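I had this one open today and kept short notes as I went. Here is the structure, then the entries.

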Amino acid sequence: MSEDEIPHHAGPGRMVIAPALDEIDRQIIEALGRDGRLSIRALAEQVHISRANAYARVERLTSTDTITGFTVTVDPLKLGLATSAYVTLSLRQSSWRSLREQLQAIPEIKHMALVGGDFDAILLVRAADNEGLRRVVLEKLQAIPEVLGTRTALIFEDLGTL
């Protein structure tokens, strides 16, 4: 491990070596988080570094998986997804790995996370309407043997990323 890397605990028995980030790296990540389509030239201008330096830093951040991808943010209503909910799952213990593939196959699930607390996982589900949401929860999720129970919280207004 070099002095440019920082070890982080990532759970029991797991250690992840993360590259050390300076203030410029953080500014680059923030700028690309706001607009992943920024050109290297515009990015360099925003963070006050040369284009070559910006290119090298973005390349390093991507090759070390600090930046794992670029994405687009969409308005779910304009995609015809008028109903959104957070669905929490209570799971049969030690079933996350097998369950993950089953959940990834359900297109209405837009985000999933394994959590601690009163439930084991939380899902962001987006559907065309309440009937579509009902179908996902009652026919798809509750049909999975590893799912012991679900709770659904409707989203009345999506305020987006803060």
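Predicted model: local features only at pLDDT ≥ 70, side-chain atom pairs only at ≥ 80, totals over all residues.

I find that the axes of α1 (residues 23–34) and α2 (residues 40–47) come within 10 Å and cross at roughly 125°. Axes here are lines fitted to C-alpha atoms, for helices over the stretch in contact, with angles running from 0 to 180 degrees between N-to-C directions. Helices are DSSP runs of H or I with at least four residues, strands are E runs of at least two, and both are numbered from the N terminus.

I note α1 and α2 as oblique to each other, therefore; the label covers angles that are not under 35 degrees (roughly parallel), over 145 (roughly antiparallel) or 65 to 115 (roughly perpendicular). The crossing of α1 and α2 is right-handed, as the near helix is turned clockwise from the far one by less than a right angle.

Which residues of α1 and α2 meet? I listed I24, Q27, I28, A31, L32 and R34 from α1, against L43, Q46 and V47 from α2. Contact means heavy atoms within 4.5 Å. By class, I get six nonpolar, two polar and one charged residues in the contact of α1 with α2. Nonpolar is Ala, Val, Leu, Ile, Met, Phe, Trp, Tyr, Cys and Pro; charged is Asp, Glu, Lys and Arg; the others, Gly among them, are polar.

Residues are numbered from 1 along each chain as its sequence is written, and side-chain values use heavy atoms, with hydrogens and water left out.

Next, V147, in strand β6 (residues 147–154). Buried or exposed, I wondered about V147? V147 counts as buried because its relative accessibility is 9%; the cut-off is under 20% relative accessible area, with exposed over 50% and partly exposed in between (1.4 Å probe, protein chains only). Leaving aside neighbours within four places in sequence, V147 is in contact with L89, S90, L91, L99 and L141. I also logged 8.9 Å between the C-alpha atoms of V147 and S95, which sit 52 residues apart along the chain.

Then I looked up E108, in the loop between α4 (96–104) and β4 (109–114). Not counting residues up to four places away in sequence, E108 touches L124, V125, R126, V136 and K140.

Last, the overall tally: I count five helices and six strands in the protein. Buried residues make up 29% of its 162 residues.
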